[in-house]
Amino acid sequence: MFTRFRARNIGLFGATCTLALFSYNLFKPIYADEKKLLTQTQIDSYVRDGYLVVPRLFTQAECKQIEQQMNTLVKEFDAEQSRVLSIIQPHQINPVIEHYVKHERVASVLSQIVGAHIPFWDGSVKAFQSMLFIKPPNFPGQAWHQDELYIPTRDRSLTAIWIPLEDVTVENGCLWVVPGSHRQGIMYPTRPHNNNEEYEYDDTCYGFDEKLGKPIEMKAGDALFFNGYLLHKSLKNRSTRYRKVLTNHYMTATTLFPYTLKCKCGQLHYIADTDCRNVLLVSGSDPYVAKGYVQETITHLRVLNDDGVVVKQFKS
Ligand SMILES: O=C(O)CCC(=O)C(=O)O
């Protein structure tokens with residue numbers, strides 16, 4: 001009797017489980033997790049090494065579309081194509097570039113890595129900056145540096161995405177990184193590099209073993225994500241082709257960062273809550289939404305003038 005009762009219960013239990021599983025599969029909610037592109041191994045390697053290459057994040061067609069927008073912008077600025085080196089903040093005036101800055105594949109990866117080292121991070125991310133680089137043949141690279149120097153997030157969440165629109169190799173000036181150099185959150189000292197043949201004018205970081213630097217050769221549309229404290233550089237473009245790249249900077253939406261300090265009012269400003277609102281929410285929610293948003297930076301080009309000097313060009 002007891003055994004029959006138990007067998008019937010087990011049978012009922014089994015049927016209920018099968019039904020539950022069946023209806024779960026039919027009506028299962030779209031969990032955010034299902035949109036996540038990275039495995040835990042990839043996230044761990046980003047936290048450990050400070051960089052991650054995600055192959056084929058953008059298709060060839062998407063790379064072409066970005067390149068077309070680059071050409072359109074150069075025309076809008078009435079600039080001489082062969083002299084343009086970069087376009088700064090193109091997303092502020094070009095909706096297609098803005099679309100790629102917040103693209104769902106980009107947002108998905110960022111929502112897994114930007115604050116992966118921060119306890120209780122909720123996956124929220126905002127963008128601060130976009131840049132299109134057009135590196136002509138024979139143009140120098142950028143010496144060893146850390147992006148955190150220019151965009152001080154201080155919670156170590158600054159994350160760059162660097163997407164070549166054509167294949168990049170050592171010859172045409174791919175990025176080099178020092179794996180793990182972000183780990184302790186050290187800001188390395190800087191000094192002149194004395195190598196104008198290889199690098200543009202910005203100083204170089206020193207105090208680390210340069211031999212640990214490694215080139216990251218990539219295919220067009222692959223995406224290199226790297227942390228703001230990671231030491232990186234690029235060499236001169238020794239090829240006969242232009243090297244074109246879209247690169248953007250992101251941080252957690254909770255980050256307050258003092259990009260500029262404007263103290264004209266004569267009041268005391270605390271560094272810790274000074275916040276640049278020239279940002280764009282990419283993932284999750286913005287805890288400082290009440291502060292509103294501003295466009296402090298103006299979209300502009302970096303161009304070579306007749307003397308070969310790099311100057312800024314604004315829209316006339
Ligand atoms: O694209 C390059 O050559 C250098 C880019 C870079 O180092 C940067 O944007 O921080």
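Tutor: Start with one term: a residue is buried if 20 or more other C-beta atoms lie within 10 Å of its own. Helix α5, residues 104–113, is mostly covered by that count, with seven of its 10 residues buried. Keep in mind that this is a predicted model.

Student: Which residues of α5 are the buried ones?
Tutor: They are V106, A107, V109, L110, S111, Q112 and I113.

Student: And what share of the protein counts as buried?
Tutor: Of its 316 residues, 34% count as buried.

Student: How many helices and strands does the protein have?
Tutor: There are five helices and 14 strands.

Student: Which way does β1 run against β9?
Tutor: Strand β1, residues 51–54, runs antiparallel to β9, and four bridges join the two. In that pairing L52 stands opposite F225.

Student: What about β4 and β9, parallel or antiparallel?
Tutor: Antiparallel, again with four bridges. T159 is the residue that stands opposite N227 in β9.

Student: New topic. What is the strand order in the open sheet of three strands?
Tutor: The order is β8-β5-β10, with antiparallel pairing. β8 (214–216) and β10 are the edge strands, each pairing on one side only. On average, neighbouring strands of this sheet are turned by 35 degrees against each other, ignoring direction.

Student: How many bridges hold β5 and β8 together as a pair?
Tutor: Three, and β5 covers residues 175–177. V177 has K214 in β8 as its bridge partner.

Student: There is a ligand too. Which residues surround it?
Tutor: The shell consists of F133, K135, G141, Q142, D147, G173, H232, S234, V245 and T247. By class that gives two nonpolar, six polar and two charged residues.

Student: Which strands supply at least two residues of that shell?
Tutor: β3 (125–135), β10 (232–234) and β11 (243–252) each do.

Student: Why does P152 count as partly exposed?
Tutor: Because P152 has 18 C-beta neighbours inside 10 Å, and buried would take 20 or more while exposed means 12 or fewer.

Student: What does P152 touch, leaving out residues up to four places away in sequence?
Tutor: P152 touches F257 and P258. L256 is 104 residues from P152 in sequence, but their C-alpha atoms are 9.1 Å apart in space.

Student: What share of contacts in the protein joins residues 24 or more positions apart?
Tutor: The figure is 81%, taken over contacts with a separation of 6 or more.

Student: Last thing. What is the mean pLDDT?
Tutor: The mean is 89, and 88% of the residues reach 70 or more. Over residues 1–5, however, the pLDDT is below 50, and this stretch has zero contacts in the model beyond near neighbours in sequence.

Notes. Residues numbered from 1 in each chain as written. Predicted model: local features only at pLDDT ≥ 70, side-chain atom pairs only at ≥ 80, totals over all residues. Near = placed C-beta within 6 Å. Nonpolar A, V, L, I, M, F, W, Y, C, P; charged D, E, K, R; others polar. Pairing = 2+ DSSP bridges. Axes fitted to C-alpha atoms, helices over the stretch in contact; angles between N-to-C directions. Contact = placed C-beta atoms within 7 Å. pLDDT = per-residue confidence, 0-100.
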